[in-house]
Amino acid sequence: MSVFHHVPALLAFAAYETGAWRLRRRGDRWPPIRDAVFGAGVAVALAPGGSTFTTHALQHVLAGMLAPVLIVLARPVTLLLRAVPPAARRLLKHALRAAGVLVFPPVAAVLEAGSLWLLYRTGLFARIGDAPWLHLHVFLTGLLFTTAICRLDPLRHRAGLGVRAGALIGAAAAHAVLAKTLYVSPPPGVVLAVADRRPADVLRRGRRRARARADRRAAVVRRPRPGGSSEQPPNGGAQHRRQLISLCA
């Protein structure tokens with residue numbers, strides 16, 4: 001992990017701890033568990049990647065999903081609003097209102113999931129490679145979406161449960177379809193290493209073997225008797241169908 005990642009993360013953690021210290025110094029309550037959760041989120045966001053596409057994808061899952069959840073649970077915007085002086089608080093509220101459209105759940109979902117589709121299903125990933133700012137982008141879009149869905153910090157748009165649930169389901173579906181397409185074919189212009197292809201190959205071979213066993217067993221069940229009739233299971237056709245379903249599952 002490069003300095004590009006570490007310096008902003010450490011500055012964010014230092015700012016959070018400074019704000020928490022200011023609150024406690026003047027007698028306000030700020031649960032210590034939030035400090036620990038925020039620190040864990042920063043640590044997860046800094047998790048190192050690897051040389052394969054699989055480890056790259058795992059790093060993005062940690063930076064774009066797990067780390068934002070931990071950081072949002074620490075309520076950094078609430079801490080900031082309580083820790084800054086009144087004059088700065090008014091300016092900060094104006095800035096938050098101006099950026100409020102970004103935390104409207106459908107907009108945040110499109111920015112988060114759409115950016116990943118643009119990255120992995122076009123030639124963009126092959127051109128930029130594993131650029132340092134790419135991980136920051138994944139983290140920030142994940143943080144924006146998590147903030148919009150969880151709604152723990154003060155937000156301009158107080159979207160209802162239905163809107164947030166719809167945005168969450170839509171984003172989850174977009175992620176699932178993207179993951180399946182990446183199993184079928186890598187990003188355009190990217191050649192996967194053997195280590196990346198092996199899990200999918202094992203899965204496909206296992207399915208082919210299971211289907212071949214099911215076909216062989218079905219052929220044995222249906223083998224003609226000497227008299228010309230087909231052999232059926234002892235309990236009739238219904239049990240036969242149940243057996244085939246269990247074999248093919």
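Keep in mind that the model is predicted. The UniProt record, an unreviewed entry, puts the label "transmembrane region" on residues 6-24, 36-55, 61-84, 96-120 and 132-150. The structure also holds two salt bridges.

**Annotated transmembrane stretches**

- Residues 6-24, which carry the "transmembrane region" label in the UniProt entry, are 100% helix and 0% strand.
- From one end of residues 6-24 to the other, the C-alpha atoms sit 27 Å apart.

**The arginine 24 and aspartate 35 pair**

- Arginine 24 and aspartate 35 join their side chains in a salt bridge, at 2.6 Å from N to O.
- Arginine 24 belongs to helix H1 (residues 3-25) and aspartate 35 to helix H2 (residues 32-45), so this pair ties together parts that are eleven residues apart in sequence.
- Arginine 24 is partly exposed, with a relative accessible area of 34%.
- Aspartate 35 has 10% relative accessibility, so it counts as buried.

**The arginine 26 and aspartate 28 pair**

- Another salt bridge brings together the side chains of arginine 26 and aspartate 28, again at 2.6 Å from N to O.
- Arginine 26 has a relative accessible area of 44%, which makes it partly exposed.
- Aspartate 28 comes in at 29% relative accessibility, so it counts as partly exposed.

Key
Residues are numbered from 1 along each chain as its sequence is written. This is a predicted model: local features need pLDDT of at least 70, side-chain atom pairs count only at pLDDT 80 or more; totals for chains, interfaces and linings use all residues. Side-chain values use heavy atoms; hydrogens and water are left out. UniProt positions are given in the numbering used here, feature names are shortened, and annotations may be inferred rather than shown by experiment. Helices (H or I, at least four residues) and strands (E, at least two) are DSSP runs, numbered from the N terminus. A salt bridge is a side-chain nitrogen of Lys or Arg within 4 Å of a carboxyl oxygen of Asp or Glu. Buried means under 20% relative accessible area, exposed over 50%, partly exposed in between (1.4 Å probe, protein chains only).
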